[in-house]
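Subject: Structure for you to look at

Hello,

Here is the structure I promised. Please open it first, then read my notes below.

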Amino acid sequence: QVELVESGGGLVQAGGSLRLSCAASGSFFRINVMGWYRQAPGKQRELVAKIDSDGTTAYTEPVKDRFSISRDNAKNTVYLQMNSLKLEDTAVYYCNADLLTRFRNPINRWGQGTQVTVSS
């Protein structure tokens, strides 16, 4: 079983910063893409940022100059550094990973979600 466990969410004032972490545990061969999604009330879940195993990153336009995604392959962990937070960044943030099982089968896993609330 593969599990993703997120941490680092919370309440922050507009303009502040938060750092989210997501660690993968369990038995698997390799993690390929790791990413962060978010879902605000009444809206669809959207991709925020993703990072490939070689470090290639991609961001959604609204966060490009404010958020930074990184990963520590030795720790099977992905991070999302969020700076200059805005009210519209308020959402539940979900970690996602594309992995290969021990038998080299591709699977996709979601974390449980962590709430990020930005106040004025």
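Start with Cys22: its relative accessible area is 0%, so it is buried (under 20% relative accessible area; exposed is over 50%, partly exposed in between; 1.4 Å probe, protein chains only). Cys95 is buried too, at 0% relative accessibility.

Before going on, note that this is a predicted model: local features need pLDDT of at least 70, side-chain atom pairs count only at pLDDT 80 or more, and totals for chains, interfaces and linings use all residues. Residues are numbered from 1 along each chain as its sequence is written, and side-chain values use heavy atoms, without hydrogens and water.

What joins Cys22 to Cys95? A disulfide does, with 2.1 Å from S to S; the term means a pair of cysteine sulfur atoms within 2.5 Å. That rule gives a count of one disulfide. Cys22 sits in strand β3 and Cys95 in strand β9 (residues 91-100), so the bond ties together parts 73 residues apart in sequence. Strands here are DSSP runs (E, at least two residues), numbered from the N terminus. The S-S torsion is about -80°, so this disulfide is left-handed.

Now the strands around β3. Strand β1 (residues 2-7) pairs with β3 (residues 18-26) in the antiparallel sense, over six bridges. Pairing requires at least two DSSP bridges between two strands. Val5 stands opposite Ala23. β3 also runs antiparallel to β8 (residues 77-82), again with six bridges. There, Leu20 has Leu80 as its bridge partner.

Last, Leu4. It lies in β1 and is buried, at 4% relative accessibility.

Best wishes
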